[in-house]
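Work through the two exercises below with the sequence and the model open. Each has a task sentence followed by a stepwise solution.

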Amino acid sequence: SSSSQSTHVLTWVDCELEELTLAKARRDRGMSPDSARELAGSCAVGRRQALMVSRVTSGGCCDGRLMQGDVVLRVDGQPVTRPQHVERAMQHCREVGGEDVVWQVLRARKTIETRVRPSSRGSDGTEHLIVFNGLVLRPTPHAVAERGGPALPHTLPGSGLYFWKVFPGSPANTFGVFAPGWLVQVNDEPTTSVERLLELVKAGAFCGCEWLRCHIMDRAGRPTVHALQADPLFWPTLELTRTRQEGGVRSGALRWVRREYEV
């Protein structure tokens with residue numbers, strides 16, 4: 001695939017999808033004119049693309065059902081051209097108690113249907129996030145751990161503090177931290193989990209520190225230390241927790257609860 005294509009690790013689905021232009025889907029994958037027209041009609045303005053399976057998680061719910069190189073035409077009867085469309089369809093199936101969702105895919109230039117079960121891992125750790133000096137942190141996702149790389153305690157599924165995004169203009173961005181990677185230590189304190197980092201923040205371990213020494217490990221296992229100048233006024237620590245709303249018209253609906261700490 002070209003460097004301009006994006007790969008998306010999905011929740012509710014044990015696979016990764018890659019964006020593919022409709023022109024390439026027709027030329028290289030044998031997509032029919034009718035399928036291309038249907039997908040083009042459901043694309044956002046300026047985006048004529050399809051989704052192609054780039055990786056299937058071994059032993060996951062898609063293993064044996066989807067194959068690398070499958071071009072996705074429909075999910076649950078609807079044309080899909082964005083990863084969010086796929087996730088919504090699979091999440092809806094899970095929430096209403098359904099078992100399998102019918103996917104229509106283009107495989108070896110033939111259109112076939114396959115039944116895919118929503119992943120029991122759901123959002124795989126994204127129920128609890130921390131934004132720390134512009135690093136968006138969460139436990140290591142299962143799909144990231146399966147990609148290989150260093151086998152260390154903080155790189156195991158559900159462990160450590162993995163970040164996949166650095167906010168532009170944040171201290172982390174200003175002082176040269178690049179995603180993805182792991183935050184393994186701040187000053188002399190190991191940051192082994194979301195809970196541990198929150199304990200340190202709440203205990204005031206970093207209060208009064210003009211500079212924070214952040215120990216980072218990249219996906220290849222290379223360690224670096226970045227000195228970040230904290231900015232608690234514009235970049236406080238944020239804790240985001242996904243919970244179900246109680247009472248009212250939207251009782252039971254999922255929502256994010258935000259808490260802010262001055263570090």
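At 30% relative accessibility, Phe175 counts as partly exposed, because that class lies between buried (under 20% relative accessible area) and exposed (over 50%), with a 1.4 Å probe and protein chains only. The model is predicted: local features need pLDDT of at least 70, side-chain atom pairs count only at pLDDT 80 or more, and totals for chains, interfaces and linings use all residues. Residues are numbered from 1 along each chain as its sequence is written, and side-chain values use heavy atoms, leaving out hydrogens and water.

**Exercise 1.** Classify the ring pair of Phe175 and Trp211.

Step 1. Rings of Phe, Tyr and Trp (its six-membered ring) pair if their centres lie within 6.5 Å; planes under 30 degrees apart are stacked, over 60 edge-to-face, the rest tilted. The structure holds four aromatic pairs.

Step 2. In this one the centres are 5.4 Å apart and the planes at 75°, so the pair is edge-to-face.

Step 3. Phe175 lies in the loop between helix H5 (171-174) and strand S11 (181-186), and Trp211 in strand S13 (residues 211-218), so the pair ties together parts 36 residues apart in sequence. Helices (H or I, at least four residues) and strands (E, at least two) are DSSP runs, numbered from the N terminus.

Step 4. Trp211, at 41% relative accessibility, is also partly exposed.

**Exercise 2.** Which element gives the most to the largest nonpolar core?

Step 1. Such a core is a set of buried Ala, Val, Leu, Ile, Met, Phe, Trp, Tyr and Cys residues joined through side-chain atoms within 4.5 Å. The largest has 23 residues.

Step 2. Helix H6 (194-202) is among the elements supplying at least two residues each; H6 gives the most, with five.
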